[in-house]
Amino acid sequence: MNAKPGSKATAPQPNAAAKLHAPLARLLRPLVRLCIRSGMTFPALAQLLRELFVNVAEHDFALEGKEQTDSRVSLLTGIHRKEVARLRGAGAPVHEAPAALSLTSAVIARWLAAPEFTDPKGEPLALPRTAEGGAPSFEQLVASVTKDVRPRAVFDEWLDRKLVTINGDDEIELVEAAFVPTGEDDSKWHYLGRNLHDHIAAAAANVSGPAPRFLERAVHYNGLSPRLAKRLEARSRDLAMDALKTANREANRALAKDKGGDARWNFGIYIYSEDADDDSDGNEGGSP
């Protein structure tokens, strides 16, 4: 098996494991909190990690031109060779999205980006269910993305999930829930894995290579009053949504002229604040 492009099959950096301990403990803490809150026990998480260690070592750290053996996977992971042999091939894929979720994302992205479905300010238009003469409609919107699913089926599902609402003119309007999955919407679990994966993958690539490869920055201030923290959070939400909408419009328009391929791109933004911060960074702002 050949080495996966971009894999780190070389020797680790000196003292890298020791340096990783503190940041790893910090980034895992909220995930451990989520595990306990969700009912995932330590033995279940340990089994998942065991499977992933074997899977990553097997596929991402193979030496070019050489078969990846149980012994080498055992050496890389510290997992017994017999256990490695049992677990080879395990590990869930990280890039697959449910078909319904992919369709929903694609239609919403087009509604937010295509000039025929947005107003002069770039906001999504309220759409009639159908329209004559090529005028914008919800039916036309869905059909511009897929011919395999009836627009009425998409409308019924979205109305049930409260992604859209009907206004006084019997037009369909996109609502905030379309941007932020809430409640029991299973899509939030998909986005948890996808977005955290890409953020951590970008940060890991930056600390592993000789120079930062991806943009991964944050503006941070400590020692703030709760009132100022809330005001900054609200302002940053507006800035973030403007950036996301702009990126989506440009990507959606460029996609129409793209020949297609296997590449993947993700542009994400996060905002976080809390009442008490145990960092020792003082009041200085920066971008770590």
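These entries record what I looked up in a predicted model of one protein chain.

**Entry 1: Ground rules and confidence**

I number residues from 1 along each chain as its sequence is written.

I looked up pLDDT, the predictor's confidence in each residue, from 0 to 100. The chain averages 83, and 82% of the residues score at least 70. Residues 1-9 fall below 50, and this stretch has 24 contacts beyond near neighbours in sequence, a contact being heavy atoms within 4.5 Å. Residues 277-284 also lie below 50, with 13 such contacts. Where pLDDT is low, the predicted coordinates should not be read in detail.

I took helices (H or I, at least four residues) and strands (E, at least two) as DSSP runs, numbered from the N terminus. I classed residues by relative accessible area: buried under 20%, exposed over 50%, partly exposed in between (1.4 Å probe, protein chains only).

In α3 (residues 70-77), I found Arg72, Val73, Ser74 and Thr77 buried. The elements covering the buried residues of α3 include α2 (42-60) and α4 (81-87).

Ser74 has a relative accessible area of 16%. A polar atom of the Ser74 side chain lies 2.6 Å from the backbone oxygen of Ile79. Setting aside neighbours within four places in sequence, I list Ile79, His80, Arg81 and Val84 as contacts of Ser74.

**Entry 2: Salt bridges**

I searched the whole structure for salt bridges (a side-chain nitrogen of Lys or Arg within 4 Å of a carboxyl oxygen of Asp or Glu). The search returned 10.

Arg88 and Asp70 form one of them, at 2.5 Å from N to O. This pair links distant parts of the chain: Arg88 is in the loop between α4 and α5, and Asp70 is in α3, 18 residues apart. Arg88 is partly exposed at 26%, and Asp70 is partly exposed at 24%. Glu58, Asp70 and Arg88 are linked in a network of salt bridges.

Within α4, Glu83 and Arg86 are three residues apart, about one helical turn, and their side chains meet at 2.8 Å, N to O. Glu83 is partly exposed at 22%, whereas Arg86 is exposed at 54%. In α7, Asp156 and Arg152 are four residues apart, again about one helical turn, and they bridge at 2.9 Å.

**Entry 3: Aromatic rings**

Which residues form a cluster through ring pairs? I paired rings of Phe, Tyr and Trp (its six-membered ring) with centres within 6.5 Å; planes under 30 degrees apart count as stacked, over 60 as edge-to-face and the rest as tilted.

Trp111 and Phe138 have ring centres 6.0 Å apart and planes at 65 degrees, so the pair is edge-to-face. Trp111 lies in α5 (residues 99-113) and Phe138 in α6 (residues 138-143), so the pair ties together parts 27 residues apart in sequence. Both residues are buried.

Phe138 and Trp158 are also edge-to-face, because their centres are 5.8 Å apart and their planes at 75 degrees. Trp158 belongs to α7 (residues 151-160), 20 residues from Phe138, and Trp158 is buried. The cluster consists of Trp111, Phe138, Phe155 and Trp158.

Note on methods
This is a predicted model: local features need pLDDT of at least 70, side-chain atom pairs count only at pLDDT 80 or more; totals for chains, interfaces and linings use all residues. Side-chain values use heavy atoms; hydrogens and water are left out. A polar contact is a pair of N or O atoms within 3.5 Å; within protein, one must be able to donate a hydrogen and the other to accept it, and residues adjacent in sequence count only if both atoms are side-chain atoms.
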